[in-house]
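Here is a short report for a first look at this model. Please keep the sequence and the 3D view open while reading.

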Amino acid sequence: MNKNYYITTTLPYVNALPHMGFALEIIQADILARYNERLGNTVFFNFGTDEHGQKIYQKAVASGKPPQDYVDEFAAKFDDLKIALNLSYNNFIRTTDAHHKKAAQEIWIRCRDNGYIEKGIYKTKYCIGCELEKQDSDLQDGKCPLHPTYEIQYIEEENYFFKFSKLQLKLLDLYQANENFVVPKHRYTEIINFVKSGLNDFSISRQKEKMPWGIEVPDDNKHVMYVWFDALTNYISALGWPENTSKFNDYWGSIANPNAIQIAGKDNLRQQSSMWQAMLLAAGLPPTKQIIIHGFITSGGQKMSKSLGNVINPFEYVDTYGTDAVRYYLVSKINPFEDSDFTKESFELTYQADLANGLGNLVSRVSKMCETQGVVANSHNDLKFSPLIVNHLTSYRFDMAIKTIWDSIKKTDMWINDNKVWELTGEEKNKALSYLVGIILQITYDLYPFMPETADKIKKQFTSDSIKLSNPLFPRL
């Protein structure tokens, strides 16, 4: 039965260019979107940019540009990922959009009216890089380990507070009702332990005279919203909430039957699976259905970070090696749940072995024999995803799914060698080549969510009136 499917990434901060770590997240989401679309589901795939907060404001001031001009410039660069990485998202939201601002104010009003927002004095240590409060236990040598180039700020001012502590039991009930609410399992356990340890109310506003770049607090123009409270609302404002209740119910779901899938990095675990869920509960809205947490891509053993200056630029790799080479590496060699290192040397070895000498060589071998034999293509319109692909994607093991495809490539190469297909003649060779064409088209069907451009090229080559050898899919380096 076909259904509506909602998938969203987090929104990257527009304070620097996109890096390979975020490319991983958006490609994982794209794979799930394309997979569900091919299953016949109606997909809403949300992506966009987070554009408020102190860090953005300071960057804009330092650049000498008005904040809106600054975020406009960087938002366009993130939207450029759509072409560079061949992404299928059909919604690009910006937190400076007029409708999003109204939606953020509406969820504030609902949380306030339900007794979950009140004023107080805010005293804290604060990391601008994370845009989060920090306890002494979070710091190393007095600095945030994720953003060591930022000085920890000491804040004391009147703010509005979200009554996070009042939602502890409701959050635990939410987790217990769905043991797959957060995947992988150890992240699910981590967030339960975090909530069980006790929740502290947190500030959700800043004084406008000190930090004006944000959405105004309803009924109090002296305060702007804390950036996380504003940004998290994008997941439902993207659906036209609160006005478009039909679209919201269709894609986000109901309290009894939530529908939305979110993907986030491990540094977003608390924000997505506790803060955001608490906001939804406080506003009387349905929770997320499931949150997928991936690890970091490290560079030389260190977390890839704009502040550390060790960022790998995905655009440069796409320009040099091609979109699908980048997509393949991030899916096949990066663990979907744990930290993995990225090096140019490893990337090029993978390109040569798996793409040029693996898939590319198989397609060339078979198409050349088909052209010599004059094989007429079969449309193979009855194809479906292989059962192992379905199993692995259902559990978000992107790496195991793509390994299944490459195992098939290797087995097919071995079958060609064992049967010496190039030496066969007549009807015996026609039957062998027809069998191989069927295998390649199944590989192509399974490959589509991961490497759509390559899959389309192979499909066109092997379903044309006559199969012919074409240019290499992946030219050798």
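The text below covers a helix pair and the cavities.

This is a predicted model, where local features need pLDDT of at least 70, side-chain atom pairs count only at pLDDT 80 or more, and totals for chains, interfaces and linings use all residues. Residues are numbered from 1 along each chain as its sequence is written, and side-chain values use heavy atoms, leaving out hydrogens and water.

**The helix pair**

Helix α15 spans residues 387–394, and helix α16 spans residues 398–419. Their axes come within 7 Å and cross at roughly 165°. The two helices are therefore roughly antiparallel (angles over 145 degrees). The crossing of α15 and α16 is left-handed. On the α15 side, the contact (heavy atoms within 4.5 Å) uses L388, I389, H392 and L393. F398, M400, A401, T404 and I405 supply the α16 side. Seven residues of this contact are nonpolar, two are polar and none is charged.

**The cavities**

A cavity is a set of points on a 1 Å grid over the protein atoms alone where a 1.4 Å probe fits but cannot get out; lining residues have an atom within 4 Å of a point. The structure holds two cavities of 30 Å³ or more.

| Cavity | Volume | Lining residues |
|---|---|---|
| Largest | About 40 Å³ | G53, Q54, Y126, E131, R206, M211, M225, Y226, V227 |

The largest cavity's lining has five nonpolar, two polar and two charged residues. For the second largest cavity, the lining has three nonpolar, six polar and no charged residues.

Note on methods: Axes are lines fitted to C-alpha atoms, for helices over the stretch in contact, and angles run from 0 to 180 degrees between N-to-C directions. Helices (H or I, at least four residues) and strands (E, at least two) are DSSP runs, numbered from the N terminus. Angles under 35 degrees count as roughly parallel, over 145 as roughly antiparallel, 65 to 115 as roughly perpendicular and the rest as oblique. A crossing is left-handed if the near helix is turned anticlockwise from the far one by less than a right angle, and right-handed if clockwise. Ala, Val, Leu, Ile, Met, Phe, Trp, Tyr, Cys and Pro count as nonpolar, Asp, Glu, Lys and Arg as charged, and the others, Gly among them, as polar. On a 1 Å grid over the protein atoms alone, a cavity is a set of points where a 1.4 Å probe fits but cannot get out, and a pocket is an open set with protein on both sides within 12 Å along at least five of seven lines; lining residues have an atom within 4 Å of a point. Grid points are joined across faces, edges and corners, and a volume is the space filled by probe spheres set on the points.
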